[in-house]
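Student: I would like to learn how to read a few features of a structure, one at a time. Could we take each general idea before the case itself?

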Amino acid sequence: MAANWETVDSHFLDRAKSLESDSASALSYFDGRPPDWTDIVAEVAPQRGVVAELQAHLEQLSPSQRVGRLVVLLGPSGEGKSTALMQLARNLALTGAGTVLWRPTGASLEAEQLQGLPIGSHYFVFSDDGDEIAPTIYKFLTTDKRPDISFVVASRTVDWAAVGGATFPWRTVVGFRQVVLRGLDEEDAKLIVNAWASQGDVGLGTLANVVQGERVAKLLEATREQATTDEGAFFGGMLHVRFGELLMDRMRTLLRSLAGRRVGKGSLATALLHISAAHFAEVELTPNILANVLGVSGGEVRSSVIMPLSDEAVIASKQDLVWTRHALIAQAVVDIAEEFGADLPEVYGSITRSAIQVGRREFIAGYERFTYLCRRFETTNSSIAIATARAAVEEDPHILAYVHNLAHVLRIDERAQEASFICERACLNLATYEGKPHHFRAFYYEWASSEGTLGNRHVAIWLSAISLSDLTNTPAPSSQHAELALANIGGNLLTLTEPSKVELYELAVRAIETMSRQMDLSAKAAAFFGRQRKFADKWSVPPVPISECFTVLRTALKDSWKHRERHVGALPPAASLSFKGLAATLKIPLEAATKSAT
């Protein structure tokens, strides 16, 4: 195997036992520090039931078996997967069930390495980052028959799914067993509370204030509550019962301490805030994005940031990701930073900028979650939404989707005038912008929404019509876009004709609501078109045959264009627009869309 792999045997465990394990070390582990081998051999953590269960499963191996075994431990971060995996490795090593090989994070695993293992022993290959080697394991199992090799791995559920681990047909090539750790049962909870109690009141934390006979129930209740989230139920339950409201005080003290430890352009507190802010927004930083934020190298961010923050039990990491140990920690850090006067919009803006900068030179999984971060905050924090949207536009000014996003969040923040200005400025050189075909339609529609908000109803109708028209090198509008833009046109025509009857517009409203019946509408769109139908009925507007709807609509568009509140020279006149693609989307005969309007 690779030189940095470990053989877990009596000598290895004795070396770990020789390292000092004191009360402070135990408490830091209980607080959430990732386990090390000293914790395992000192039996700081109690052995949960799943360890004995899997040990018995793996010790049932027979020399005559035709395939090895694969055991996968899954669950969110903070469920105790690493501890259980290390305890299982130790137990198998001590019982002599076979040769136990431990893969450190980031170490290579090649099929050739596995093929080179000598015949004559059973090998248990352990990895705490099973997602990193899942494809290699599957490839090996499908090409090599080595029933004397079994794999025991752990992974966050989301990471396992991301590499296809959940879709590989494991059972066709190996004795497969998958265990999902989620929360605690009563026996495990008793063991854990007793382990905390072995360190006195400081080990129990705020749980020391609870009557002894009720402590286990409190922990179980807290883990059940946390199990309703996507976070680690066990770790979240621990934070609730051992820290409770004191978690804020603990994080406040920690941030003050970290603020004095300088790293690059900031400090460890700066780093923790960015990691927490990303976690709070449901994105995970890569070490290189974090390094870019701080202005340090990837190597330095691992040694000077990730390692010390991991020791403080507030973050977790793997080769290509870093995140806080739990959303409760992320929330506390973000709240305290805001309390200290941190500029959160700038924090999120720097995350977006750094992701785009790093993304130019390497692949980032979930890249669009960084560039579209503004959408995460558009209804909850407009300052952050606008800051992140601006950051994306500043970094890549000719990506049309970023311009659209900025206009959108500005309009949501009642800054439609600025949104409209941004769109009009982009329109002057639209051919230089990059984007998928639907981005151009979305851009015009967003601009139309801003103009409608400003009361420029005719301009809004014009822009919505352009978004539906036969744009150069652009496929037909989707049904979803068609319902949005047609509803926008109909709504604006409705507003224009309500105060003073405009028969042409009334007829167009009827034509649009008739066209809407060609689509499988969302509930919201159905309500919009239903309102238009109601007014058309109220005005006694006669039915418009589906074959005449496009003619009526184009006639109204031409008239509306003549009354436009202002002119935008870069836009095509309404009379020049064609709608063959829209006709195809609505399944209306093509000749109906090409009839000339009067």
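Student: Is aspartate 31 buried or exposed?

Tutor: This is a predicted model, in which local features need pLDDT of at least 70, side-chain atom pairs count only at pLDDT 80 or more, and totals for chains, interfaces and linings use all residues. Residues are numbered from 1 along each chain as its sequence is written, and side-chain values use heavy atoms, with hydrogens and water left out. Buried means under 20% relative accessible area, exposed over 50%, and partly exposed in between, with a 1.4 Å probe and protein chains only. Aspartate 31 has a relative accessible area of 15%, so it is buried.

Student: Which side chain does aspartate 31 join in a polar contact?

Tutor: A polar contact is a pair of N or O atoms within 3.5 Å; within protein, one must be able to donate a hydrogen and the other to accept it, and residues adjacent in sequence count only if both atoms are side-chain atoms. The side chain of aspartate 31 makes such a contact, of 2.9 Å, with that of arginine 242.

Student: How many residues of H22 are buried?

Tutor: Helices (H or I, at least four residues) and strands (E, at least two) are DSSP runs, numbered from the N terminus. Helix H22 covers residues 400-412, and twelve of its 13 residues are buried, including Tyr402 and His404. Where contact means heavy atoms within 4.5 Å, the buried residues of H22 pack against several helices, among them H18 (344-359) and H24 (437-453). Glutamate 414, which follows H22, has a positive phi, near 60°.

Note on methods: The expected span of a helix is 1.5 Å times one less than its number of residues.
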